[in-house]
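I opened my notebook to look up how this chain is folded. My entries follow the order in which I checked things.

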Amino acid sequence: MLANYLPVLIFLIVGLLAGILFILLGTVLGPKRHYAEKDQPFECGFEAFENARMKFDVRYYLVAILFILFDLEVAFMIPWAVVFKNLLAQSGQFAFWSMFVFIVVLGVGFVYEWKKGALEWE
């Protein structure tokens with residue numbers, strides 16, 4: 001019975017060894033130069049090395065929520081649309097109404113984002 005798990009154990013060992021090898025190669029062979037452009041903030045909107053309790057704009061959170069909103073919509077609707085005929089044959093109208101409720105919830109999130117002004121970037 002344990003012989004069935006031998007390939008999984010070998011896979012884990014090879015994966016761990018490969019990960020350790022690549023990390024070691026990166027630290028030994030990789031560049032260690034720090035310069036001003038490298039230490040600049042990147043897509044976050046505020047300095048990376050300041051006080052952790054500083055105030056910053058809530059729009060960053062709203063943009064993240066907006067991304068998740070549309071990302072989830074696509075991630076759930078495409079597979080649902082692919083198997084819609086099978087779902088309709090198996091469960092009747094339940095497949096349609098469950099996706100309708102999902103889209104209504106997404107619509108409420110979209111209206112919230114719109115009212116908060118996350119779609120209007122300065």
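**Entry 1: the record.** I began with UniProt, whose unreviewed entry places the feature "transmembrane region" at residues 6-29, 60-82 and 94-112. I noted that UniProt positions are given in the numbering used here, that feature names are shortened, and that annotations may be inferred rather than shown by experiment.

**Entry 2: the ground rules.** I am working with a predicted model, where local features need pLDDT of at least 70 and side-chain atom pairs count only at pLDDT 80 or more, while totals for chains, interfaces and linings use all residues. Residues are numbered from 1 along each chain as its sequence is written, and side-chain values use heavy atoms, with hydrogens and water left out.

**Entry 3: the spans.** I checked two of the annotated stretches. Residues 6-29 are 100% helix and 0% strand, with end C-alpha atoms 34 Å apart. Residues 60-82 are also 100% helix and 0% strand, and their end C-alpha atoms lie 34 Å apart.

**Entry 4: the whole chain.** I found four helices and zero strands, in the pattern α-α-α-α along the sequence. Helices (H or I, at least four residues) and strands (E, at least two) are DSSP runs, numbered from the N terminus. Of the 122 residues, 8% count as buried (under 20% relative accessible area, 1.4 Å probe, protein chains only).

**Entry 5: H2 and H4.** How do H2 and H4 cross? The axes of H2 (residues 59-82) and H4 (residues 94-116) come within 10 Å and cross at roughly 165 degrees. Axes are lines fitted to C-alpha atoms, for helices over the stretch in contact, and angles run from 0 to 180 degrees between N-to-C directions. The two helices are therefore roughly antiparallel (angles over 145 degrees). I listed the contacts, meaning heavy atoms within 4.5 Å. Leu 62, Phe 70 and Trp 80 are among the H2 residues, and Ala 95, Phe 102 and Lys 116 are among those of H4. The contact residues divide into 17 nonpolar, one polar and three charged. Ala, Val, Leu, Ile, Met, Phe, Trp, Tyr, Cys and Pro count as nonpolar, Asp, Glu, Lys and Arg as charged, and the others, Gly among them, as polar.

**Entry 6: H3 and H4.** H3 (residues 84-91) packs on H4 at about 120 degrees, with the axes 7 Å apart. Phe 84, Leu 87, Leu 88 and Ser 91 of H3 meet Phe 94, Ala 95 and Phe 96 of H4. I recorded six nonpolar, one polar and no charged residues there.

Technical notes: Parallel < 35°, antiparallel > 145°, perpendicular 65-115°, else oblique. Buried < 20%, exposed > 50% of the residue type's maximum accessible area, 1.4 Å probe, protein only.
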